[in-house]
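Please open the model in a viewer and keep the selection tool at hand.

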Amino acid sequence: MKLTRTKAFKTFAGPAWYENPINMQMLGICSALAVTVQLKTAFVMTLAMTFVVSLSNLIISLLRNVIPGNIRIIVELAVIASLVILADEFLRAYYFEISKLLSVFVGLIITNCIILGRAEGFALSNPPHLAFVDGLGNGVGYGSVLMSVALIRELFGSGSIFGYTVVPERLYAAGYEDMGLMLLAPAAFIIIGLMAWLQKYLVNSRK
Amino acid sequence: MVELLSLFLNSVFAGNILLAYFLGMCSFVAVSKNIETAVGLGFAVIFVLTVTTPVNWLIFHGLLSPGALAWAGLPDVDLSFLKLIIFISVIAAMVQAIEIIIDRFSASLYAGLGIFLPLIAVNCAILGGSLFMVERNLTFIESVVFGFGAGVGWMLAIVAMAAARIKLRYADLPSGLEGFAITMIVTGLMAMAFMLFSGITM
């Protein structure tokens, strides 16, 4: 059996590309916009998000047969919140600078619609290993959008990638200037809009 | 008084919780298709923000912040890491309450908001309001003004967006651009307009 035909692969590829949580399902947009001024913060946010969504999927899927239906949202929120607190405290202990830059947005992973959406829509009705893979796929899908937006914003906004200046001095001498707008809020909205357009066009034209 | 007014204006315009801090986007995109539901959700968000931010202020400064438990003989205890889980519980409870109120007084609005009413509980604007309140060291009165102002700013943005999207319905857009993509681009333009308010101080 080819790798691409397995159920696990489909579970992974779905959210990572065809049903991309941000571009296609319009979920979890808040943090995607806010942390993309620099690649570094976008990368850390991606890791934190992937950690929370895959583990919360795994835990909720393991518990799915014992969670009573009418209090499931509370149980899900408790699981998610505990994982977010873990991620938040970890960042604060070992990467304090980045955690300062991310400010409230690590905490806001709790309210990221992707996580609750996957817990409700996937983990509650699927076995643990698939739920975990689905979480990874969502993390990758979310991260790929985040990283591309951050790449555009950091490259054109401050002329650097991961904090290293890449625009040569000569270009600045010739009159090139960093585009201040890229660092401001409106640019994030517009870039995400254009990327969603591109991805929808690509997915639709493939059909 | 003047500081409070300028805090209010700042949280409505230049520091708009949606257009400058990107909070509450999911419901913003999903519910801005017609003006009536946008207004309804806007009022719900104003209410929940105005109530939860001060309530969370009391809980944070009375129980969680470093040294808050000195009255109980525990001056070294710092429970502030619990803030996320406590805040979200307060918000969930408030949302439950407002759901009951709306269902009682306006069944049509209740039906129109549908799934997005309970989802206010996971609307990042609400939790964001409380977290910003902690991060910016607001006083109690300031937290009331900030919560209310952030709610008004959010409502202003979603109602304006709903109005714009009604016009967009008649636009002939290229494949893939309609829906989410054009909404984001229009939001970007709106954010640019709101940024112009940033010079205003009282």
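## First selection: Val104(A)

Select Val104(A): leaving aside its neighbours within four places in sequence, this residue is in contact with Leu131(B), Phe132(B) and Glu135(B), where contact means heavy atoms within 4.5 Å. This is a predicted model, in which local features need pLDDT of at least 70 and side-chain atom pairs count only at pLDDT 80 or more, while totals for chains, interfaces and linings use all residues. Residues are numbered from 1 along each chain as its sequence is written, chains are lettered from A and ligands numbered from 1 in the order in which they are written, and side-chain values use heavy atoms, with hydrogens and water left out.

Val104(A) is found in the loop between helix H5 (96–102) and helix H6 (113–121) of chain A. Helices are DSSP runs (H or I, at least four residues) and strands likewise (E, at least two), numbered from the N terminus. With a relative accessible area of 6%, Val104(A) is buried; buried means under 20% relative accessible area, exposed over 50%, and partly exposed in between (1.4 Å probe, protein chains only).

Side chains of opposite charge can pair when their charged atoms come close. How many salt bridges does a search of the whole structure find over all chains? The search finds three, a salt bridge being a side-chain nitrogen of Lys or Arg within 4 Å of a carboxyl oxygen of Asp or Glu.

Select Glu120(A) and Arg72(A), whose side chains meet in a salt bridge (2.6 Å, N to O). Glu120(A) lies in helix H6 of chain A and Arg72(A) in helix H4 (residues 72–94) of chain A, so the pair ties together parts that are 48 residues apart in sequence. Glu120(A) is partly exposed at a relative accessible area of 28%, and Arg72(A) is partly exposed at 30%.

Proceed to Arg118(A) and Asp134(A), which form a salt bridge of 2.8 Å, N to O. Because Arg118(A) lies in helix H6 of chain A and Asp134(A) in helix H7 of chain A, the pair ties together parts that are 16 residues apart in sequence. Arg118(A) is buried, with a relative accessible area of 14%, and Asp134(A) is buried, with a relative accessible area of 1%.

Next, select Asp88(A) and Arg92(A), which form a salt bridge with the closest N and O atoms 3.1 Å apart. Asp88(A) and Arg92(A) are four residues apart in helix H4 of chain A and are therefore separated by about one helical turn. Are these residues buried or partly exposed? Asp88(A) counts as buried at 9% relative accessibility, whereas Arg92(A) counts as partly exposed at 33%.

## Helix H1 of chain A

Select residues 7–18 of chain A, which form helix H1; its buried residues are Thr11(A), Ala13(A), Gly14(A), Pro15(A) and Ala16(A). What covers these buried residues includes helix H7 (128–158) of chain A.

## The nonpolar core

Select Met25(B), which, leaving aside its neighbours within four places in sequence, is in contact with Ile29(A), Cys30(A), Leu33(A), Phe189(A), Leu18(B) and Met184(B). Met25(B) is one of the residues that touch the most other members of the largest nonpolar core, which holds 111 residues; the others are Ile109(A), Ile192(A), Leu23(B), Phe28(B) and Trp154(B). A nonpolar core is a set of buried Ala, Val, Leu, Ile, Met, Phe, Trp, Tyr and Cys residues joined through side-chain atoms within 4.5 Å.

## Two positive phi angles in chain B

Select Phe22(B), which has a positive phi of about 60° although it is not a glycine. Phe22(B) is found in the loop between helix H1 (2–12) and helix H2 (25–31) of chain B, and it counts as buried at 5% relative accessibility.

Then select Asn137(B), a residue other than glycine with a positive phi near 55°. Asn137(B) is placed in the loop between helix H6 (124–135) and helix H7 (140–168) of chain B, and it is exposed, with a relative accessible area of 61%.
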